[in-house]
Amino acid sequence: MIWWCLGILLAVLWVWRVADAAIGMRTISDIASPAWDRPAPANAPRVSIIVPARDEEAEIESALRSMVQLDYPNYEVITVNDRSTDRTPQIMEHVAHEHDSQHRLKIIKIDRLPDGWLGKPHAMWTAAKQASGEYFLFTDADIVFHPEVLRRAMAYAVQSDADHLVVFPTHVDWSVSKKVILAGFNMLFVFGHRPWKTADPKSRDHIGVGAFNLVRREAYEKVGTFEALKMEIIEDMRLGKLIKDNELKQRNVLGKDLLLLPWGSGAIHIINNLTKNFFALMHFKIRRTVGFCFLLLFFNITPFLGVWFAQGWAKLPFAVSLLSIFCLYLGMSWNTPIWPQYFFLHPISTGMLVYTMMVSMLTTLRHNGVIWRGTHYPLSELRKGLVKG
């Protein structure tokens, strides 16, 4: 009897979630489509692209070169050298002198981090104070822009009257281990923040992506600027939450190959990148983290166990759950190189996420805070600086 109860519960939840995603994702526009290949108007709004960078010598040249060569007519690029100890500042100067024919690139140097700030929010806040745009585009120093991405994104933002627009990036440098962990991460992200619901003012779903957070200046100021996010580790998502909480218009779009994101070539690199983020996602609460890991294992592993251990027709609802999960992998294969057969590695993908969450929690507790790019941020300060909710 217990197998029947578990199976029916899981089947109902998985079928509901998959149906919601299948219907919802169809409502998300794709600005890579021909419909959004529109010429920019003569009075195109000015955009300030803001790029914080600390020790980014491996990626920043290709990123900045792509940003100063966009086909949008009215924009500037402000890059912030945030206490770098490698060749990042020299590379910034090289791009400015050798590749910026329109003199769009402005370089800001930060020598000292004030108390009570994380480095990245402080760098973006500093740059925004010197920006001249009607819109601010916050991005990362490893993102390579397609020449058309800003023109297409602004066409959508203006037509939809968006206060905040997210464009989802395209991952590159795929490996088998990267596909396995990103399959789980993508499912977690989609179910946790349902991007098709962010435009609904009645929904609590919100979104923010560090690769492309386009924010109207008035909206940025209304939510309190990055001063309201001084100690937020996942400042991109929390910016999206503040915008949603303030009842501003939030939108997100697809854009295959318009933004290229390296983000590590394998699972180990990705796990290391997420170590600072995952415990913050749980608001640094131990019980919430342990409970989340239990639920993640229950919903994702139990269908595989049920098909194996349940008897007779009791296997059926577990099979329905597995079919639903397979449909999600099939959907992912349409936009990523995560092929449907990676479904059979789904338990491993789930295990990687749980491992990452536990490593993030234990590492943060051991260091009594987060160590990122050579700076230690105390746990007590991180907890005090959280956006509520």
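## Close-up views of the predicted model

**View A. Val167 has its bridge partner in S9, namely Val253.** What you're looking at is a predicted model, in which local features need pLDDT of at least 70 and side-chain atom pairs count only at pLDDT 80 or more, while totals for chains, interfaces and linings use all residues. Residues are numbered from 1 along each chain as its sequence is written, and side-chain values use heavy atoms, with hydrogens and water left out. Strands (E, at least two residues) and helices (H or I, at least four) are DSSP runs numbered from the N terminus. Strand S6 (residues 164-167) and S9 run parallel, joined by four bridges; two strands pair if DSSP finds at least two bridges between them. Strand S9 (residues 250-253) is covered on both faces: Gln250 and Asn252 are buried on one side, Arg251 and Val253 on the other. Here buried means under 20% relative accessible area, exposed over 50% and partly exposed in between, using a 1.4 Å probe and protein chains only. As background, side chains in a regular strand alternate between the two faces of the sheet.

**View B. Three strands make an open sheet in the order S5-S10-S7, with mixed pairing.** S7 and strand S10 (residues 259-261) run parallel and are joined by two bridges. To find your way between them, pick out His171, whose bridge partner in S10 is Leu261.

**View C. Val47 and Ile49 have the most contacts inside the largest nonpolar core, which has 85 residues.** A nonpolar core is a set of buried Ala, Val, Leu, Ile, Met, Phe, Trp, Tyr and Cys residues joined through side-chain atoms within 4.5 Å. Apart from this core lies another, of 39 residues, including Val80, Tyr377, Leu382 and Leu386. In soluble globular proteins, nonpolar side chains tend to be buried together. Skip the neighbours within four places in sequence, and Val47 is in contact (heavy atoms within 4.5 Å) with Tyr72, Asn74, Tyr75, Glu76, Gly133, Tyr135, Leu137, Leu150, Met154 and Leu214.

**View D. Tyr72 is a buried loop residue, placed between helix H2 (60-67) and strand S2 (75-82).** Its relative accessible area is 3%. With neighbours within four places in sequence set aside, Tyr72 is in contact with Ala40, Ala44, Pro45, Val47, Arg104, Leu150, Arg151 and Met154.

**View E. The structure holds one cavity of 30 Å³ or more.** The largest cavity comes out at about 60 Å³. On a 1 Å grid over the protein atoms alone, a cavity is a set of points where a 1.4 Å probe fits but cannot get out, and lining residues have an atom within 4 Å of a point. Grid points are joined across faces, edges and corners, and the volume is the space filled by probe spheres set on them. Around the largest cavity you'll find Lys120, Met124, Phe138, Thr139, Asp140, Gly210, Asn213, Phe226, Glu235, Asp236 and Leu239. By type, the lining splits into four nonpolar, three polar and four charged residues; Ala, Val, Leu, Ile, Met, Phe, Trp, Tyr, Cys and Pro count as nonpolar, Asp, Glu, Lys and Arg as charged, and the others, Gly among them, as polar. Helix H4 (119-129) and helix H8 (235-245) each supply at least two lining residues, and the largest share, three residues, comes from H8.

**View F. His103 and Arg194 are not glycines, yet His103 has a positive phi of about 55° and Arg194 one of about 20°.** Most residues other than glycine have a negative phi. His103 belongs to the loop between helix H3 (88-98) and strand S3 (105-110), where it is exposed at 68% relative accessible area. Arg194 is in the loop between helix H6 (176-193) and strand S8 (213-216), and it is buried at 18%.

**View G. Helix H12 carries both Ser360 and Leu362.** The helix covers residues 346-366. Ser360 is buried, at 0% relative accessibility, whereas Leu362 is partly exposed at 48%. Not counting residues up to four places away in sequence, Ser360 touches Leu274, Thr275, Asn277, Phe278 and Phe279. Thr275 and Leu362 are 87 residues apart in sequence and 9.5 Å apart in space, C-alpha to C-alpha.

How values were computed:
1 Å grid on protein atoms, 1.4 Å probe; cavity = no way out; pocket = protein on both sides within 12 Å on 5 of 7 lines; lining within 4 Å.
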